[in-house]
Amino acid sequence: MKRYRLEPRPAPPPGLVLAVSCGAVVAALVVTGFIFLGFGHNPITAYAQLFAATLGDLRGVSEVLRKTVPLLLCGVGLVLAFRLQFWNIGAEGQILAGAAGAAGVALFVPGLGPATLPAMFAAGFVAGAAWGFLPAILKARLGVSEIITTLMMNYIAFYLVQYLILGPWRGQEARGFAYTDRFPPEAALPLLPGTRLPWPTLVVAVALVLFVAFLLSRTRLGFEVRVIGQSAHAARYAGMGFTRVTLLVMGLSAGAAGLAGVGEVAGVHLRLLDPAQISLGYGYTAIIVALLARGHPLATLLTATFLGLVFAMGDTMRVVLGLPFQMTGVISGLVLFFIIAAEPVLRYRLRRAPAAPLQAPEAATPEPAKEVARGARELAD
């Protein structure tokens, strides 16, 4: 009988990683097809309608890209943090912090003129980075779990923004709704002609992806990130500044999410409003973007676009198929589920166990034969 054993896989081949990631996506879409069937829709027809509505013309593609931009900004920041083994779950709160920072500049710093938008991007980046510093300091100095602290910071940001729009920043023109006054014209991002896509944030997002890829592969900080991510103890023994690197990486990661918040308020809403409307869960979905990218910044260009497509399908599912918008969360959750379920395939491999050496059985002489031999010796004597 053949025997097999599981043994750790030191480095999964890129082809296997790609196959497993694509398999997780396909499995999620297949299960979603059964959900469509449960609602009375033919899955093939439903998918054909969804893809035609989102990828069939320029407006549909631009909507996909509009949803992709915040996912790309947050996702590449999370890739950087995850390479350090810093599990930043707080991108949602960092988006809100960046949005509040940009709104503060737009509403209360008049007279900047053409410098308004650069000042808003700078304020959004700093606000997002500042929102990530507290969990980073607690992790680096006291060893507090960053999963808990970054998650809790999301709720603090949510209620802080609600306090601002209901209290000191509430707009004079708000009637029955809570939001600030509309931003002045110089604080609005330009749109791609014929679409609702604010192209400057798309340019910033792609540039950030290239910057993070260069940082990880060609700089000393990137080398330190990779070493600390492999073994923090070895990095400390080698004299690498664990606290310094953690703060720098978290500043970049959270600052990138802050830029996503700037894009939402300056390119889409043109005011600070309810947190649930600023972000449709981009910060949490960006975790899937980073996990699908498997630590490669350039791969986020594909994974963020795929999740952006899922988000863009949400409106079509609601209007054409009569399904709730929350189906986008179901698809994202299924993708995450299958990614986690397939993780053992990458971490372990099945090998045939070597056959156990054969041992010659000890010659056992039957008792009657011994008696015969003894009798023969006695007769011979």
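## The largest pocket

The largest pocket is lined by 36 residues, of which Leu291, Ala293, Arg294, Gly295 and Glu343 lie nearest its centre; a pocket here is an open set of points on a 1 Å grid over the protein atoms alone, with protein on both sides within 12 Å along at least five of seven lines, and lining residues have an atom within 4 Å of a point. This is a predicted model, in which local features need pLDDT of at least 70 and side-chain atom pairs count only at pLDDT 80 or more, while totals for chains, interfaces and linings use all residues. Residues are numbered from 1 along each chain as its sequence is written, and side-chain values use heavy atoms, with hydrogens and water left out.

Two or more lining residues come from each of helices H1 (14-38), H3 (58-83), H8 (220-230), H12 (282-293), H13 (300-319) and H14 (327-347), where helices are DSSP runs (H or I, at least four residues) numbered from the N terminus. H1 supplies the largest share, seven residues. The volume of this pocket is about 1500 Å³, a volume being the space filled by probe spheres set on grid points that are joined across faces, edges and corners. Its lining comprises 23 nonpolar, seven polar and six charged residues, with Ala, Val, Leu, Ile, Met, Phe, Trp, Tyr, Cys and Pro counted as nonpolar, Asp, Glu, Lys and Arg as charged, and the others, Gly among them, as polar.

The largest cavity contains about 50 Å³ of space, and its lining includes Val76, Gly77, Leu80 and Phe211. H3, H7 (199-218) and H10 (242-269) each give two or more residues to that lining, which divides into seven nonpolar, two polar and no charged residues.

In the second largest cavity there is about 40 Å³ of space, and H3 and H10 each supply at least two residues of the lining. Arg66 and Glu264 are among the residues that line this second cavity, whose lining divides into five nonpolar, two polar and two charged residues.

## Annotated segments

In an unreviewed entry, UniProt lists several transmembrane regions, including residues 64-83 and 298-314; such annotations may be inferred rather than shown by experiment, with positions in the numbering used here and feature names shortened. Residues 64-83 are 100% helix, with end C-alpha atoms 27 Å apart, whereas residues 298-314 are 88% helix, with end C-alpha atoms 26 Å apart.

Technical notes
1 Å grid on protein atoms, 1.4 Å probe; cavity = no way out; pocket = protein on both sides within 12 Å on 5 of 7 lines; lining within 4 Å.
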